[in-house]
Amino acid sequence: MRNTKEKILTATEQLIYKKGYTGTSINDILDETATGKGQFYYYFDSKKEASLAVIDNHVKIWQKHLLNGILSRDESPLANLKEMLDWIYSYHAQKKIYYGCPVGNLVIELSALDEDFRKPLEQLFSDLQKKNCGKSISFNRTAGETKSSCSTCNYCSNSGKSSTIESDSRFKCSGIKF
């Protein structure tokens with residue numbers, strides 16, 4: 001049997017996924033886990049702290065599989081993008097009842113609610129953008145493509161790097177053609 005802290009985290013994640021952060025109360029979490037307030041407060045100071053642990057768990061999963069896994073492979077940007085999308089699809093397909101993207105829902109609801117929620121979510125997507133854009137820049141330079149300033153993402157302009165922009169502007173910043 002899982003320990004109490006894991007049960008609380010799992011229930012918090014599932015309830016926030018289903019009802020949202022503001023729609024989930026500590027009593028909902030306690031009812032779902034059949035635990036008392038003392039047990040909850042032994043592990044977490046507040047619903048916010050438990051929710052930050054849920055966010056941290058999602059971020060770690062996405063970092064492991066996308067940033068340190070798929071997007072770190074020495075493949076073409078197109079191959080990485082396809083594999084990334086396949087992984088995201090399978091991540092969503094694991095849900096028995098689908099209420100939207102678990103991470104996307106967190107971003108939408110919590111980013112404007114509290115800076116502590118916004119920071120790790122923003123960092124995750126910033127890292128994904130940098131990894132995708134940086135990988136594409138490197139790939140294009142290796143292929144000897146023509147370079148110009150990237151106008152579609154902040155990474156290139158903020159880092160002083162450049163990437164290929166196709167003459168027909170199909171998918172700026174990566175050289176990936178759709």
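Author: The dialogue below goes through these features one after another. This is a predicted model, in which local features need pLDDT of at least 70 and side-chain atom pairs count only at pLDDT 80 or more, while totals for chains, interfaces and linings use all residues. Residues are numbered from 1 along each chain as its sequence is written, and side-chain values use heavy atoms, with hydrogens and water left out.

Reader: Which residues lie nearest the centre of the largest pocket?

Author: A pocket is an open set of points on a 1 Å grid over the protein atoms alone, with protein on both sides within 12 Å along at least five of seven lines; a cavity is a set where a 1.4 Å probe fits but cannot get out, and lining residues have an atom within 4 Å of a point. Here the largest pocket has 14 lining residues, and Q14, Y17, K95, I97 and Y99 lie nearest its centre. Its space is about 350 Å³, a volume being the space filled by probe spheres set on points joined across faces, edges and corners. Helix α1 (residues 4–19) gives the largest share of this lining, six residues; helices are DSSP runs (H or I, at least four residues), numbered from the N terminus.

Reader: What lines the largest cavity?

Author: One cavity of 30 Å³ or more is counted, and the largest has a volume of about 50 Å³. Its lining consists of E13, I16, Y17, V54, H58, P102, N105 and L106. Two or more of the lining residues come from each of α1, α4 (47–67) and α6 (102–110).

Reader: Which residues of helix α2 are buried?

Author: Buried means under 20% relative accessible area, exposed over 50%, and partly exposed in between (1.4 Å probe, protein chains only). In α2 (residues 26–33), the buried residues are I26, I29, L30 and T33. They lie on the same side of α2, because they cover an arc of only 100° around the axis, taken from the directions from the helix axis to the C-beta atoms. These residues pack against α1, α3 (37–43) and α4, contact being heavy atoms within 4.5 Å.

Reader: How many aromatic pairs are there?

Author: Rings of Phe, Tyr and Trp (its six-membered ring) pair if their centres lie within 6.5 Å; planes under 30 degrees apart are stacked, over 60 edge-to-face and the rest tilted. The count is nine. One of them, F40 with Y41, is edge-to-face, at 5.2 Å centre to centre and 85° between the planes. F40 is buried at 0% relative accessibility, whereas Y41 is partly exposed at 38%. W62, W87, Y91 and F125 form one aromatic cluster.
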